[in-house]
Amino acid sequence: MAIEPVILSALEHYAYCPRQCALIHTEQVFDENVFTLRGQRHHERVDDPGSEERYGVRVERAMPLWSHRYGLVGKADLVEFEGETVYPVEYKSGSRRAGEPEKIQLCAQAICLEEMLGVTVERGALFWHGSRRREEVLFGTHLRQRTLETIEATRTMLTNAQMPPPVTDNRCRHCSLKEACMPEIGQKHPDYTTLFEVDNETDT
Ligand code: SF4
């Protein structure tokens with residue numbers, strides 16, 4: 001039986017906050033704030049599919065990715081091919097953040113490339129627009145394990161249409177979904193499953 005595919009970007013959302021992932025991918029909520037608008041602007045060029053050669057390196061933009069083995073679909077902002085080396089690059093707005101979510105998304109891209117091309121992808125990079133610097137990411141055992149765990153946890157949550165409780169910590173400060181999520185209400189009403197059910201309950 002085919003497994004339900006998980007969109008690569010959902011992995012970053014889940015790793016950041018499972019509730020954010022459920023709001024976007026189950027409830028289809030998407031709010032814009034200064035961070036997401038910056039992200040969209042920075043993504044405009046890499047969202048445009050195409051291929052070019054730079055100093056002996058072939059560069060593919062907006063390359064479709066998939067993994068049948070792990071049930072993944074999505075795309076890579078950029079993949080560089082130099083000899084036998086395949087190197088995914090994911091573009092992010094703002095300055096470098098220390099967390100793991102972006103690395104998990106990038107590692108999942110590497111897992112897709114390995115299955116699609118029959119190669120080993122040892123490392124890739126996050127490009128931070130704020131500092132205009134690349135941060136190289138090594139796809140070691142720990143990150144691969146965390147990525148596989150996140151794939152399964154994300155699939156389980158989305159397949160069962162679960163709505164996790166809010167995290168109500170520092171992550172909420174920069175979250176584009178804070179208004180829709182209403183984390184303070186979620187804490188007071190831990191039983192509710194979706195924002196819309198809360199609205200209905202309030203109306204009665
Ligand atoms: S506001 Fe907080 S709890 Fe709600 S989705 Fe964002 S990070 Fe998660």
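A molecule sits in a cavity if more than half of its atoms lie within 2 Å of the cavity's grid points. I kept that in mind while going through this predicted model.

**Entry 1**

The ligand sits in the largest cavity. Which elements give two or more residues to the shell around the ligand? I found helix 2 (18-25) and helix 6 (178-181).

Next I listed the surroundings. The ligand has Cys17, Arg19 and Gln20 around it, along with Pro166 and Val167. Cys172, Cys175, Lys178, Cys181 and Pro183 complete the list. I then sorted the shell by residue class. Seven of its residues are nonpolar, one is polar and two are charged.

**Entry 1: backbone angles**

I turned to phi. Most residues other than glycine have a negative phi. I noted two residues with a positive value.

Arginine 132 has a phi near 50 degrees. I located arginine 132 in the loop that joins strand 6 (123-128) to strand 7 (133-138). Is arginine 132 buried or exposed? I read a relative accessible area of 58%, over the 50% cut-off, so arginine 132 is exposed.

Methionine 182 also has a positive phi, near 50 degrees. I placed methionine 182 in the loop between helix 6 and helix 7 (183-188). What is the relative accessible area of methionine 182? The value is 25%, so methionine 182 counts as partly exposed.

I went back to helix 6 with both entries in hand. Helix 6 is one of the elements that give two or more residues to the ligand shell. The loop holding methionine 182 runs between helix 6 and helix 7.

Technical notes: Residues numbered from 1 in each chain as written. Predicted model: local features only at pLDDT ≥ 70, side-chain atom pairs only at ≥ 80, totals over all residues. Heavy atoms only, no water. Near = heavy atom within 4 Å. 1 Å grid on protein atoms, 1.4 Å probe; cavity = no way out; pocket = protein on both sides within 12 Å on 5 of 7 lines; lining within 4 Å. Helix = DSSP H or I, 4+ residues; strand = E, 2+ residues; numbered from the N terminus. Nonpolar A, V, L, I, M, F, W, Y, C, P; charged D, E, K, R; others polar. Buried < 20%, exposed > 50% of the residue type's maximum accessible area, 1.4 Å probe, protein only.
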